[in-house]
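Have a look at the fold as a whole, and then let us walk through some helix packing and a few individual residues.

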Amino acid sequence: MPAAVSPHSACSCSLSASLESLESLESPRGSIEDLRPLVSQSYEDDGRRLNILDPSTSIITPRRSTLASGFLPGFSAKGSSRWVCEDGVRRSGNRWTASGHIITAVVGSGVLALPYAQAGMGWILGPIAFLLFAWITQFTAQLLVDLYIIDGRRMRTFPDMIRYVMGTPGMVVLGVLQQTNLVLTALAYTITASQAMSGIAKLAAGTDAGDAWYLKNWPMGVIFGGVQIFFSQLPNLESFWWASCVGAIMSFGYSTIALGFGIAYHGTEGGIEPMQEESTAATVWNTLNSIGTVLFAYSFAMILLEIEDTLADAKTKDGKRAHTGPVSSMKWSVNLSVATMTAYYCAISWSVFASLGYNQTGYVLDDYQGIAPNWILYVAQGMVIVHLVPAYQVWSQPHFVMVEEWLDRAVFKERVPYWVVRVGYRVFYVCVVTFLAVLLPFFNAVLGFVGAIGFWPMTVYFPVWCWRRVYKPKPAFNALLWAVDVFSLVVTLAVIAASVESMLQAAKKTELWS
């Protein structure tokens with residue numbers, strides 16, 4: 001039985017096999033016709049040749065497979081176009097564009113809560129948490145990059161990879177987690193937007209407005225929900241092609257302003273101990289929830305394979321194709337992206353913590369009211385709103401499509417006009433999310449909860465489990481995989497418990513319409 005090729009192999013590969021012998025192989029997962037263009041391709045590296053049909057020559061022995069393996073896509077076998085690969089898809093991305101995609105997709109409104117998370121952990125635990133979870137993210141992302149090519153086939157999306165490796169049960173679990181994450185992210189965005197809108201209202205009203213209704217978060221949440229009802233009726237995600245561009249500009253804008261505040265109003269505040277709450281238990285819960293905010297800031301596993309699928313082949317110094325596929329380029333991009341994000345997060349968190357110390361509310365732009373000029377606060381809060389209006393839809397549209405198709409086929413049996421299902425469900429969805437945001441206006445606790453929900457299963461468990469199944473690592477490396485997996489699970493469970501406890505305690509102290 002042929003074995004799958006390990007993308008880790010630094011060796012060169014060559015294949016000489018006849019189509020007749022390949023066609024005799026039975027594949028439950030795809031036709032051998034998919035592999036026809038790749039026959040006779042070879043990989044070379046440092047003059048060493050490796051028979052890719054011989055599992056004994058692999059550095060890491062892959063799992064057994066029913067597919068004809070050893071065909072490493074990533075370069076054109078058709079000779080038609082410089083950027084067209086063996087599957088006919090045009091890929092012109094490079095390591096720099098991939099790095100940009102990762103960074104712009106991850107850096108967002110969660111940055112505004114990181115200084116408070118740093119205060120919740122103190123000068124010792126805070127830096128350790130940022131660096132530790134940056135390493136875990138980078139480590140598991142490298143594993144996921146390896147899973148882009150399995151049995152010679154491209155796994156173009158995260159669900160494609162899960163379906164191929166884990167089958168239907170894995171897809172069901174992934175679907176539940178994915179939809180939960182989409183809804184919770186929309187909830188977090190509604191809370192953040194209402195916070196920004198009320199911040200603008202407070203700036204405009206000054207100190208004479210007192211406790212006016214328009215200074216509260218809940219009316220702003222309702223207004224934001226009304227705007228989303230309108231935008232949710234746009235046809236599909238393609239209608240938001242501009243959202244990524246706008247989101248990247250706005251998110252880096254307000255994040256940089258927050259960094260500027262920390263530098264401009266620098267100080268020597270803060271301490272080595274975590275922020276002290278009314279009891280030791282409350283302090284521990286807050287510290288764990290702060291870790292959840294850090295986890296929220298490092299979540300990008302769901303889009304990593306999609307980004308890798310945009311890459312052209314790596315090239316040699318003379319500009320020729322290196323015949324290593326996109327894996328090496330993507331690993332470089334992951335390293336650069338995680339390092340850049342970590343440096344950016346630490347710079348913002350540490351500078352603001354040194355500037356404000358423990359005197360923070362959890363939303364950094366509010367913390368500088370009365371300190372920074374109002375005009376720049378207006379700009380920053382406005383950027384948050386402009387970012388979150390389309391971002392809400394970017395995260396909600398995939399949920400709309402899935403649920404509407406299910407309602408149309410399984411519930412209404414196509415007896416109700418599709419536009420009625422569409423309009424009805426989208427209005428219902430926005431109203432429910434808005435109502436929950438009014439009930440749970442707890443910015444930091446919700447971010448911690450969302451970060452924990454997505455961290456272990458998406459960032460750690462699926463990449464580690466699938467990598468272990470596709471490849472058979474040596475005992476020492478397998479022990480490391482288990483250690484990372486179990487540690488991340490324990491942290492996730494602890495953070496979820498802390499976030500729920502934080503929301504419950506905050507609910508006792510918060511009036512409903514505040």
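The chain folds into 14 helices and 2 strands, and please keep in mind that this is a predicted model. Of its 514 residues, 54% count as buried. Taking the contacts between residues at least 6 apart in sequence, 82% join residues at least 24 apart.

**Helix 4 and helix 5**

- Helix 4 covers residues 158–205 and helix 5 covers residues 217–231; their axes come within 8 Å and cross at roughly 120 degrees.
- An angle of 65 to 115 degrees would count as roughly perpendicular and one over 145 as roughly antiparallel, and helix 4 and helix 5 are therefore oblique to each other.
- The crossing of these two helices, helix 4 and helix 5, is right-handed.
- On the helix 4 side, the contact is made by Tyr 189, Thr 190, Ala 193, Ser 194, Gln 195, Met 197, Ser 198 and Ala 201.
- On the helix 5 side, the partners are Asn 217, Met 220, Gly 221, Ile 223 and Phe 224.
- Sorted by class, the residues of this contact between helix 4 and helix 5 are 7 nonpolar and 6 polar, with no charged ones.

**A closer look at Ala 193**

- Ala 193 belongs to helix 4, and Ala 193 is also one of the residues that make the contact with helix 5.
- Is Ala 193 buried or exposed? Its relative accessibility is 0%, so Ala 193 counts as buried, the cut-off for buried being under 20%.
- Leaving aside neighbours within four places in sequence, Ala 193 is in contact with Phe 224, Ile 385 and Leu 388.
- Among these partners, Phe 224 is part of the helix 5 side of the contact described above.
- Ala 193 and Val 384 are 191 residues apart in sequence, while their C-alpha atoms are 6.9 Å apart in space.

**Helix 2 and helix 9**

- Helix 2 (residues 95–106) packs with helix 9 (residues 327–356) at an angle of about 40 degrees, and their axes are 8 Å apart.
- That angle makes helix 2 oblique to helix 9, since angles count as roughly parallel under 35 degrees.
- Helix 2 and helix 9 pass each other in a right-handed crossing.
- Helix 2 brings Arg 95, Trp 96, Ala 98, Ser 99, Ile 102, Ile 103 and Val 106 to the contact.
- Helix 9 meets them with Ser 329, Met 330, Trp 332, Ser 333, Val 334, Leu 336, Ser 337, Thr 340, Met 341 and Tyr 345.
- The contact of helix 2 with helix 9 has 11 nonpolar, 5 polar and 1 charged residues.

**Thr 287 in helix 7**

- You will find Thr 287 in helix 7, which covers residues 280–297.
- Thr 287 has 10% relative accessibility and therefore counts as buried.
- Which backbone oxygen does the side chain of Thr 287 reach? That of Thr 283, at 2.9 Å.
- Not counting residues up to four places away in sequence, Thr 287 touches Gly 120, Met 121, Leu 125 and Pro 274.

**Ser 502 in helix 14**

- Ser 502 lies in helix 14, which covers residues 475–509.
- With 19% relative accessibility, Ser 502 counts as buried, because the cut-off is under 20%.
- Apart from neighbours within four places in sequence, Ser 502 is in contact with Trp 285, Asn 289 and Ala 445.

Note on methods:
Residues are numbered from 1 along each chain as its sequence is written. This is a predicted model: local features need pLDDT of at least 70, side-chain atom pairs count only at pLDDT 80 or more; totals for chains, interfaces and linings use all residues. Side-chain values use heavy atoms; hydrogens and water are left out. Axes are lines fitted to C-alpha atoms, for helices over the stretch in contact, and angles run from 0 to 180 degrees between N-to-C directions. Helices (H or I, at least four residues) and strands (E, at least two) are DSSP runs, numbered from the N terminus. A crossing is left-handed if the near helix is turned anticlockwise from the far one by less than a right angle, and right-handed if clockwise. Contact means heavy atoms within 4.5 Å. Ala, Val, Leu, Ile, Met, Phe, Trp, Tyr, Cys and Pro count as nonpolar, Asp, Glu, Lys and Arg as charged, and the others, Gly among them, as polar. Buried means under 20% relative accessible area, exposed over 50%, partly exposed in between (1.4 Å probe, protein chains only). A polar contact is a pair of N or O atoms within 3.5 Å; within protein, one must be able to donate a hydrogen and the other to accept it, and residues adjacent in sequence count only if both atoms are side-chain atoms.
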